[in-house]
Protein chains: 2
Amino acid sequence: MAFPRPKPTTMETLAMERADPPFNVRKLAIKMHGSERALLLKEKFMAEIARHPAFKLSDIHDLSKEELRERTMEKFSSMVYFVTTESLEVFGLRMQLISMADPSFWTRFGVAYGLFLGALRGGATPNQFSYWIDKGVLGLNGVIGCFAMTELAHGSNVAGLETTATFDRETDEFIIHTPHLGATKWWIGGAASTATHAAVFAQMIIDGKKHGVKTFVTQLRDTKTFQLLPGITIGDIGKKMGRDGIDNGYIQFTYVRVPRAHMLMKHTQVSREGAVTEPLLAQLTYGALLAGRTTMVTDSSTTAKKALTIAIRYAAVRRQFSTGKNEVETQLLDYPIHQRRLIPLVAQAVAIGFTGLRLTKMYEDMTQALDTMDPSDPNLGATLDKLKETHSTSAGLKAFCTWACLDTIDKCRQSCGGHGYSAYSNFPGMYADFAVQCTWEGDNTILSLQAGRSLVSAWGDAMKGKKLVSGVAFLNDRSILTAKSDSSLSLTDIQRAWHCVAANVIRKAAEEYFSLMKDGKTKEEAMEACSQSRFVAAKVHVIGYIFGMFREAVEESGKGPETEVLERVCKLYGLWQIEEQQGYFLKYGYYTPEQIDKVQIAVSALCADVRTVAVPLVDSFALSDHIVNSPLGKYDGSVYESYFAQVQAANPTPKVHPYFERLIRPLLERQNEEMQDPGSEMGLDEELGEFAAERKEAAKGKLGKVRREEE
Amino acid sequence: MAFPRPKPTTMETLAMERADPPFNVRKLAIKMHGSERALLLKEKFMAEIARHPAFKLSDIHDLSKEELRERTMEKFSSMVYFVTTESLEVFGLRMQLISMADPSFWTRFGVAYGLFLGALRGGATPNQFSYWIDKGVLGLNGVIGCFAMTELAHGSNVAGLETTATFDRETDEFIIHTPHLGATKWWIGGAASTATHAAVFAQMIIDGKKHGVKTFVTQLRDTKTFQLLPGITIGDIGKKMGRDGIDNGYIQFTYVRVPRAHMLMKHTQVSREGAVTEPLLAQLTYGALLAGRTTMVTDSSTTAKKALTIAIRYAAVRRQFSTGKNEVETQLLDYPIHQRRLIPLVAQAVAIGFTGLRLTKMYEDMTQALDTMDPSDPNLGATLDKLKETHSTSAGLKAFCTWACLDTIDKCRQSCGGHGYSAYSNFPGMYADFAVQCTWEGDNTILSLQAGRSLVSAWGDAMKGKKLVSGVAFLNDRSILTAKSDSSLSLTDIQRAWHCVAANVIRKAAEEYFSLMKDGKTKEEAMEACSQSRFVAAKVHVIGYIFGMFREAVEESGKGPETEVLERVCKLYGLWQIEEQQGYFLKYGYYTPEQIDKVQIAVSALCADVRTVAVPLVDSFALSDHIVNSPLGKYDGSVYESYFAQVQAANPTPKVHPYFERLIRPLLERQNEEMQDPGSEMGLDEELGEFAAERKEAAKGKLGKVRREEE
């Protein structure tokens, strides 16, 4: 017999959630994507890859590392076509979408196309660049590059790399060599089984003198046979937390000779005679780093939106316990605590999304301005200042946005209960793939400290009366330090709140630093000693900065119901973060304890308010079922049916039990006589006595060791 | 040529870190393990499994799910031997160690031995229990059980389960049936390929009347052939985030008949005629839940200690950047920010460890007291009160300790930079395996709310003048609400600080609740509406409770250098958590802003202090290299050599490139003529125009949809 089922089906429930939204979902989606064109392009890309066999996603959870690697390589040819036919803008948007569908491929392709080509763009002379273009770098026909920077014992500290490139004047060659194990090139994406060439970072040595780290294009494999060239040792570094579609490898060079002309000479030049010409000015690398960080801010938003699309839809259809007299169980999303778990994260993802859009625009505007500006332009200095400021803020943004996204993925997983732990929910894969974003292109903690270092300088500048650029301009107004709330909890009040606490925590870090300097510490020592305060300064500033970007976007968004919902989401983001970081607001007196209680009430009220539009809101993230790739987040709400179908498809029952005869039957047919009397533990005390005696000696010295099985 | 290497090797560095610790490592280890016997037993178990082929760990990162499943099953026979010959105490300690070496096995074995047997112990009459013992439940010879509780659409809400057990009076049988997809038993560990029987939770129906959920032992497979019995459908639910050694499955029953005697009848009884006798009193389930939670608190500590052993040893040997004039690069552990990243987590792991020890002891004492107490004993009420209080605190402890451990694993991973992302670091596997602890045996958020609910009641009791039991006794003293720091930052001051803020946040939740009740809400509505405040109350109370347990352990630990280091670690834990939760201390005025600044300074100073003994401190966690299973955490410091050797062993170069001919050669040999002119994007605008037109209609209604690839 079946129970009567008075409750609506999951599909009916989701349809009801969409019944009458107070805003137009598509119009909101356009705002979130920056333009209708960007949204249309994304929809086009989604439609294309949903039908492309290499982009099949439903089976990826059960592929082996080897299968994933091969599947990932299958995508190369289709993308090479687009990369050679599309504009940078269109291809950039395409890759942004691809990064959500397959982060492994995005990276593996990005290594060859972004990092290797980027190294050439940034480091090669025009002649060298043409040479490599002719060799086929652009279309990957002839050269597939990888980027051989990090070593086993050196990651971030590029200047400390130990691979050597020694000039041999006789043959006009550099000899690339790995002097010891720690100098093995490590983590090199594409090295294990894709690349023919590498941009190798190595210490240049001429006549026994070290000239610092330079880049040498070094061929790894024969392009016809794919055999390793003499002196090249390459291995696969194997299984990772995620992104197993990338063939990260290690490379060891044993006296490998490359022509002098393969050293990239845009900056430092080496003549036929071995004379070194250093560049007059240190190169400006802001641009390249900033572009990478901007991408990661955007990626943090889109990935978080993907996780939240799953968690919100699931919370809308999942019912648990009936409250009061209701026959029908309550939707998870109707529990205040469940709203608290998810809705602020939605607000955060939206906030970071707008930050990404504006950061991208700022970056494009600044580089365009710099490209076209005359060196005598009176605005040049200001534009450079702004670039510099945006660059250092972007370090903090990269850190806190990637952390926020990683945290969101796991909170979404937990919010789906046990099913979130199933690989098919897609949370485990998303978490594993995304986790590296907190580490690469600069460990998040270190980047935060860099951002904090700039804030300390900015404070010093402000004290000297220098007018600061937009992002930190609030430091020019000393009265912000002692500002108080007007109790309105309006967007303006919230903005002032963030400026107030940011100014205070920046001042705290700066004062620690300057006082340490006064005590005779070196600059580096002082910076290290105030690192905790620098970290806090960066954290608080970045959160306030994100709020500010979101608020500006809302203010520029015109009137209408879409703007109204964004305004509430923006307010929720600002107030929720105030609640999270309440200590600073109380410490610096912007809010009183009573006002903080009001903030908590307002956050709960906004959560309940945004909950009413939560499903259409995540619909506006515009992610197809194929991209979301989780039955729990199906657009139509057919959660259990889709989940069951996927589990069945991925796990056919084997015809023969793989180990019944070997392992289970002997257990089941074991005779009782074999068992001893439970609890007798014959001999245990003697054994332990021996152990104890052995240990007694060791325990006498201070180094009293614990017993290890190797002994 | 090799560079001169003035720096000490990683092995030398670690030896120097151990050179002259101010305490005896073994004596400290004994304190951390509760007794010398417990430590010796652990060392014995570690020695045994390090040599046992089924417990090989170095290769697990590269095993497929199928291989892991089989490897896990191989461990059964050795453990069955121990479970039938060792005392509960010794076997319990053995399993605690095993859970660190192989969480999958621990769970898979625990399902058969703990959950299934536990269901019999808790639910069977003495006669029924003997019957199943005779069948071979204890030695798994004859019966291998699984625990079929959760369903696809019902997790925590046991009362809402939808599998039916309908009494057939004619045949004296129950008919077990799965009425619809959502009622499919789901996540059932051991069901997919191990179990012969299941303890099935189903709605008992007699004469059309529902009698609630009862347990029915149902045979799933023939014990000779391992074929599924008629009416049983079982499938594998496949890949999970972690613990893939467990064969979780789904089960659907299609009118499966079991004898009436297979319903467990210790509580509810059903007669031959179908008459139902309900138990007079609701059963006391505190004990069983409390035991599980205590285990998870301990597991949170041991797992965090494992992660920290890796991270601390690696931070000691990893060098990066040279500060000042040093030739030798600085050890990561010497950077103040790196100390900040790891040392407080060490303190937390130690704090949770002592909490686990004391909780276990309390639990044992209480159950022993209840077992031996006469019903007329005047202390019975107090003991029951304490059990009840410990039970509800344990809900919060389970939540915040498992969260803390999961967070610790990922922070340790990040602290190791890129290498933490390698599977061989063991962090990815540890994270994936541990993550489920935040979900099973009660979702952490829900458990926190349960703990918060008890705190609200406790506040109500305190207001009525009732004397509360130890854990919440501080609520009896109203003056604690307005206490102020004596500025000493002593352990006593810290303890009062936690009592003060805990009392205040508990009062806040309680007052919200009582005011909602006054406004006419039902009890459930009021509890839901104050859930955020209940959550905060639980969080703050639990942290203070852990601190209190640690402090008590330190106070009872006697004099000596080991106690001295524990005292500092305890202080660090308390102050660091105050810094983390500073908002509450400022809000309720226990500390002034200036005192909070002093807390920050004290935390940094304690981090620097504990850093000097960090390596011997983690040595006292007494984890063998085999258990730690990470080259980054090798006891002897041979980090890079071990890592390289493991990567090489796990990733032999294939003789033939798996896809060069199919995928890479065509790329490399592609002709340039095939390429179009980059940037022309012929036809793109037309395509987008079509898209846009299609969308225009949809955008008119409020449900303006985004384009989905399915359309």
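User: Which residue stands opposite I188(A) in β8(A)?

Analyst: Strands of a sheet pair through backbone hydrogen bonds, in either a parallel or an antiparallel way. In this predicted model, I188(A) faces G249(A) of β8(A). β4(A) and β8(A), the latter spanning residues 249-253 of chain A, run antiparallel and are joined by two bridges. Two strands count as paired if DSSP finds at least two bridges between them. Strands (E, at least two residues) and helices (H or I, at least four) are DSSP runs, numbered from the N terminus.

As for conventions, residues are numbered from 1 along each chain as its sequence is written, and chains are lettered from A and ligands numbered from 1 in the order in which they are written. Local features need pLDDT of at least 70 and side-chain atom pairs pLDDT 80 or more, while totals for chains, interfaces and linings use all residues, and side-chain values use heavy atoms, with hydrogens and water left out.

User: What is the strand order of the open sheet of three strands in chain A?

Analyst: The order is β4-β8-β7, with antiparallel pairing. β4 (185-188) and β7 (232-236) of chain A are the edge strands, each with a single partner, so one side of each has no neighbour in the sheet. On average, neighbouring strands of this sheet are turned by 25 degrees against each other, direction ignored; the axes are lines fitted to C-alpha atoms, for helices over the stretch in contact, and angles run from 0 to 180 degrees between N-to-C directions.

User: Are the faces of strand β1 of chain B covered or open?

Analyst: Both faces of β1 (residues 145-148) are covered: G145(B) and F147(B) are buried on one side, C146(B) and A148(B) on the other. Buried means under 20% relative accessible area, exposed over 50%, and partly exposed in between (1.4 Å probe, protein chains only). Four bridges connect β1(B) with β5 (residues 197-206) of chain B, and the two strands run parallel. C146(B) is opposite A198(B) in β5(B).

User: How many residues of helix α11 of chain B are buried?

Analyst: Seven of the eight residues of α11(B), residues 427-434, are buried. They are F427(B), P428(B), M430(B), Y431(B), A432(B), D433(B) and F434(B). T408(B) has a relative accessible area of 1% and is buried. Residues up to four places away in sequence aside, T408(B) touches A304(B), L308(B), L345(B) and Q348(B), where contact means heavy atoms within 4.5 Å.

User: Which residue lies over the face of Y635(B)?

Analyst: A charge sits over a ring if NZ of Lys or CZ of Arg is within 6 Å of the ring centre and within 35 degrees of the ring normal. R18(B) lies over Y635(B), at 3.7 Å from the ring centre. R94(B) lies over the face of F82(B), at 3.4 Å from the ring centre.

User: What is the phi of S487(A)?

Analyst: Most residues other than glycine have a negative phi. For S487(A), phi is positive, near 70 degrees. S487(A) sits in the loop between α12 (444-463) and α13 (491-518) of chain A and is partly exposed, at 41% relative accessible area. A622(A), not a glycine either, has a positive phi of about 60 degrees. A622(A) is in the loop between α19 (614-619) and α20 (625-628) of chain A and is buried, at 1% relative accessibility.
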